[in-house]
Amino acid sequence: MKKSTIWFLTIIMGLTFAGLLYMQITYMRNMVKMRDDQFDEGVKRSLYAVTTALEQDEAKYYLEEDVASIRSSLLPGFTSSDGSSQVGGITYSFTTGEGLEGDITLKGDLSSLSPQLSNLSLKDRQKSMQEILRGQYMYQRTLLNEVILNIISHSGNRPLTERADSARVASYLRTELDNNGLTLPFEYAVVNRMGAVVYRSAGYSNAESQNTSTFAQPLFPSDSPSRMNYLKVYFPTMRDYIFSSVKFMIPTFVFTFILLVTFIYTIALSFRQKKLTEMKNDFINNMTHEFKTPISTISLAAQMLNDGAVMKSPKMLEHISGVINDETRRLRFQVEKVLQMSMFERQGTQLKLTDVDANKVIDNVVHTFKLKVEKYGGTISAHLDAADPIVNVDEMHFTNVIFNLLDNAVKYRREDEPLRLEVSTCNIDQDRKLRIEVADNGIGIRKEELKKIFDKFYRVSTGNRHDVKGFGLGLAYVQRILRQLGGQIAVESEPGSGTKFIITLPLNA
């Protein structure tokens, strides 16, 4: 897959995820706002119903107090305990219905009421009398309404604790909130117009200390402004109650996050696979080039053996056989190197650990490598200052590690300056470790490439892919062996200033 295609898919999927998250967040915000508005409306309805109920209780209190005198004013005479009145020999029974309306029943001798009614029949006289009394009742009803208005206007003179005691307010609040579907706990207080608390519930002080928003409603709206009191309510779990309506959105966010992480991982894996593919292609090209040279040399030597003149010259035969032997060894080394890395990748290398004097091993490698360095006009020196050089390693692989680092220094030497190689050892006493440094004055490594040099198949660019032989396996092999030995490798380099590899290995206990 082309890199442009991967980037196109990344942008499309990124925009898709962004749009999905935006829609989810917008929906959640709208749900919370709607729930908040519904909650506010329900609380306001409940508070209004509470104050209405308190006003009705106020009117009922005065009506019950004055009901006897009101009935007396409606029907003059003696009023019995059952609500009936007597005038002369006639009994007036007033039965209340809805509101203050009702029926009047007359019993007794109606002739004593008025001489004008004595000439009428009993039925007509009773009907006329009822009309007279109903007219009086309507007149008295008007007076009664005026009395009620007068009572309400003066009701503010009563103490507030009598007009609306805390138990009754709490009961009304609980009832009305439940009627509006608000079953969550609440705290309340009654304050005057100056904000001073008249009384409050036990937990209301938390609202003041936390500056929590409260809902307020005039307790008796008909009171004068100077005597106005307010009912304030706050809900400790209001946020939880409101957000409970959007809890079902949490799994959607989790699933979206999982999809996003999976998508990012897939894209990263795609880029990594593409990079590995490119590196493997380079590896195949380099491997073809590395194999091609010894095969061509061996083929040419084989053709020379068919020449009769060559067969008659022992020196020529010895030279050709040496060439074949060297090239065959070179070819075998390259094949074994690839196979070794392949096996190491699958199951790890089986190490034969023994106590080894690192100074001696390094000295032998330096002595062997000296001829190759001098071939290119360079020098190599060793400063083996470690007082305790004994490490528990596989001697063969440890030797290969040092050899690979020195071989890299030769490959990436500078053409304008003679190669200088320095190998040193020392002890890190506080950590009980051996420190090995391999430094050169080669072309160096750019900062952006330092993290990649230990990747398999990766090779530092030198401008021409075939001017430096190798498969990009050497440093990967070094790092894996050292990790398996319990050690570490670090690198310090600047372009044009050379490179220094630093190895640390635990000392033998």
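Guide: What follows describes the sheet, then the helix lying across it, and finally a few places elsewhere in the chain.

The model is a predicted one, in which local features need pLDDT of at least 70 and side-chain atom pairs count only at pLDDT 80 or more, while totals for chains, interfaces and linings use all residues. Residues are numbered from 1 along each chain as its sequence is written, and side-chain values use heavy atoms, with hydrogens and water left out.

The sheet is open and has 4 strands in the order S6-S5-S8-S7, paired antiparallel; strands (E, at least two residues) and helices (H or I, at least four) are DSSP runs numbered from the N terminus, and two strands count as paired if DSSP finds at least two bridges between them. Strand S6 (197-200) and strand S7 (215-218) stand at the edges with a single partner strand each, so one side of each has no neighbour in the sheet. From one strand to the next the twist averages 20°, where axes are lines fitted to C-alpha atoms, for helices over the stretch in contact, and angles run from 0 to 180 degrees between N-to-C directions.

Strand S5 (residues 187-192) pairs with strand S8 (residues 229-234) in the antiparallel sense over 6 bridges, and S5 is joined to S6, again antiparallel, by 3 bridges. Valine 191 has tyrosine 230 as its bridge partner in S8, and stands opposite valine 197 in S6. S5 and S6 form a hairpin with 4 residues between them, and glycine 195 in that turn has a positive phi of about 90°. S5 is mostly covered, with 5 of its 6 residues buried; buried means under 20% relative accessible area, exposed over 50%, and partly exposed in between, using a 1.4 Å probe and protein chains only.

Helix H4 lies across S5, S6 and S8 and runs at about 130° to S5, contact here meaning heavy atoms within 4.5 Å. The 14 residues of H4 (residues 166-179) should span 20 Å at 1.5 Å a residue, and its end C-alpha atoms are 20 Å apart, which agrees; the expected span is 1.5 Å times one less than the number of residues. Val169, Leu173 and Leu177 are buried in H4. Seen down the axis of H4, its buried residues fall within an arc of 55°, so they line one face of the helix, the arc being that of the directions from the helix axis to the C-beta atoms. The face of H4 turned away from this buried side carries the exposed residues Ala167 and Asn179. After H4 comes glycine 181, whose phi is positive, near 80°.

Another helix, H1 (residues 3-74), contains threonine 51, which counts as buried because its relative accessibility is 1%. Leaving aside residues up to four places away in sequence, threonine 51 touches Gln217, Pro218 and Leu219. A polar atom of the threonine 51 side chain lies 2.8 Å from the backbone oxygen of tyrosine 48; a polar contact is a pair of N or O atoms within 3.5 Å, where within protein one must be able to donate a hydrogen and the other to accept it, and residues adjacent in sequence count only if both atoms are side-chain atoms.
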